[in-house]
Amino acid sequence: IAEGQDVVVIEADEAKAAAVQDRFDCLVIPGNGASPSVLRKAGADEAGLVLAVTDADGANVMACHSAKALGARRTVARVEDADLREVGPGLGVDLIIDARISLVKEVRALVRYPGVSEVGEFAGGRLVLVGGRVRSGAAFAGTSVSEMRESSRGRWVLAATVRDGHPVPGRGATRVEPGDHALLMVKPTDVPMAVELLGIEHHRVRRVVVLGGTMIAQMAAEELLRDGYEVVMVEADPKRAAEIARATDVMVVGGDPTEPELLERLELGAGDVVVALSGWDEVNLMGCLVAKAVGAAFTIARFGRFAVAGVLRDVGIDATVSSRVAAANEILRYVRRDRILSVATFKDTRADAMEIEVAPGAPAVGTALRDLDVPAGAVVGGFIRGSEAFLPTGDTVIEALDHLVVLAAPGAIEAVEGMFIG
């Protein structure tokens, strides 16, 4: 909607349909999204893209199958069942997404760099966008970008600071203040330096405690175990706890993940990260707050409701992850797939970080970055040229087939695409 697309939403729950209609400038049709008659009423026969992202895998595949039969050009289905993922392409599904995989990858990155609130990897991990709240007393606090860049020899680029949900692109005169949410582009080896600039205290992670026994929690626990961490899972349902213990090498503790006595018995300390991945926002919030109170150094909470995301950091949650945000990133990458290779969105701002391939003949080709009329809501944070990934200066000249990492607000995306894609 923010990019000017005509959007139609199909929702079977009348109350949810009314809420969407009140909040967004789009057409909402109550009904079954897998029904050909409902899809026809929604205009699926002329749609450029149909997204089926309910919690029911079978309904999503059927919706795509029906939409494709009606004439929809492209279809995307959210599917977690492995068998359905295999047969989906034969049933009219162009792209199958499983947001759990992206979410687990994000959790692993946040555990690897404790203290930051976002980690976005680009160019196969050769450039990293690190986000975090600027602490009082940090080297960054109260200084301008030009002052800090000079002292650090250009080893980072400030893509943006976020204040009250609004991104402020990083320019030479931009001043960073305590409490700002700063987004820094660095090479992987310089992530510790970025963490230090933000004033975040570094802790070596010894153990990861996973709260909740959802399938996402199990997937994350197994991957973290493979990464070499000691992993403990806390699950309230005895049957589910026993099931996970039999199926994995993860140590499973039975009990309420929000119970202070239970978490105290785990003797949480400076080397512990707590990751709350239950299916309930309230349990994840309370579990992290209790864990922090009894000694955990760093907490990560999964959330389902976007309205919750901005509140969590203000009450002491260090980082958040979301299946919905992960799914949105997968969809945006597909929608813009011609020359936009990856997309990352953030929880407290509407800006996107995009990896863009510069098209031959694009207006920006042959022009130095300082001479480009980059839109006010955008910043070029990183370059990938051939096998080399580097941070740009004003003298960097754009070449065809360069890959650029650009942070852009919704209103600037069209101008950015016009400049670098044409």
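**Notes on the predicted model**

1. Start with what covers helix α3. Its buried residues are covered by elements that include α2 (36-41), β3 (50-52), β4 (75-78) and α4 (82-87). Keep in mind throughout that this is a predicted model. The buried residues of α3 are Asp 57, Asn 60, Val 61, Ala 63, Cys 64, Ser 66 and Ala 67. An α-helix has 3.6 residues a turn, so residues three or four places apart point the same way.

2. The geometry of α3 checks out. The helix covers residues 57-70 and has 14 residues. At 1.5 Å a residue it should span 20 Å, and its end C-alpha atoms are 20 Å apart, so the two values agree. Just after α3, Gly 71 takes a positive phi of about 125 degrees.

3. Next, the antiparallel sheet. It is open, has five strands, and runs in the order β6-β7-β12-β9-β10. β6 and β10 (166-169) are the edge strands, each pairing on one side only. Neighbouring strands are turned by 20 degrees against each other on average, direction ignored. Strands of a sheet pair through backbone hydrogen bonds, either parallel or antiparallel.

4. Follow strand β7 (residues 127-133) through that sheet. Six of its seven residues are buried, so the strand is mostly covered. On one side, β7 pairs with β6 (residues 118-122) in the antiparallel sense, over five bridges. Glu 121 has Val 128 of β7 as its bridge partner. The β6-β7 hairpin has four residues between the strands, and Ala 123 there takes a positive phi near 55 degrees.

5. β7 also pairs with β12 (residues 181-186). This pairing is antiparallel too, over six bridges. Here Leu 129 stands opposite Met 185 of β12. β12 in turn pairs with β9 (residues 157-163), antiparallel, over five bridges. The bridge partner of Val 162 is His 181 in β12.

6. Val 234 stands opposite Val 253 in β15.

7. In soluble globular proteins, nonpolar side chains tend to be buried together. The largest core here has 49 residues, and Val 111, Phe 140, Trp 156, Leu 277 and Ile 300 touch the most other members. α5 gives the largest share of this core, six residues. Leaving aside neighbours within four places in sequence, Leu 277 has contacts that include Leu 103, Val 107, Val 210, Ile 216, Ala 220, Arg 302 and Val 321. Apart from this core lies another, of 23 residues, among them Val 343, Ala 362, Leu 372 and Ile 398.

8. Asp 318 deserves a look. It lies in the loop between α12 (306-314) and β18. Is Asp 318 buried or exposed? Its relative accessibility is 15%, so Asp 318 counts as buried, the cut-off being under 20%. What does its side chain contact? It makes a polar contact with the side chain of Lys 292, at 2.9 Å. A polar atom of the Asp 318 side chain also lies 2.8 Å from the backbone nitrogen of Thr 299.

9. Last, a contrasting residue. Lys 239 lies in helix α9 (residues 238-247). With 67% relative accessibility, Lys 239 counts as exposed. The C-alpha atoms of Lys 239 and Ala 12 are separated by 33 Å, and these residues are 227 residues apart along the chain.

Key. Residues numbered from 1 in each chain as written. Predicted model: local features only at pLDDT ≥ 70, side-chain atom pairs only at ≥ 80, totals over all residues. Heavy atoms only, no water. Buried < 20%, exposed > 50% of the residue type's maximum accessible area, 1.4 Å probe, protein only. Helix = DSSP H or I, 4+ residues; strand = E, 2+ residues; numbered from the N terminus. Pairing = 2+ DSSP bridges. Core = buried A, V, L, I, M, F, W, Y, C linked by side-chain atoms within 4.5 Å. Contact = heavy atoms within 4.5 Å. Polar contact = N/O pair within 3.5 Å; in protein donor to acceptor, adjacent residues only side chain to side chain. Expected span 1.5 Å × (residues − 1). Axes fitted to C-alpha atoms, helices over the stretch in contact; angles between N-to-C directions.
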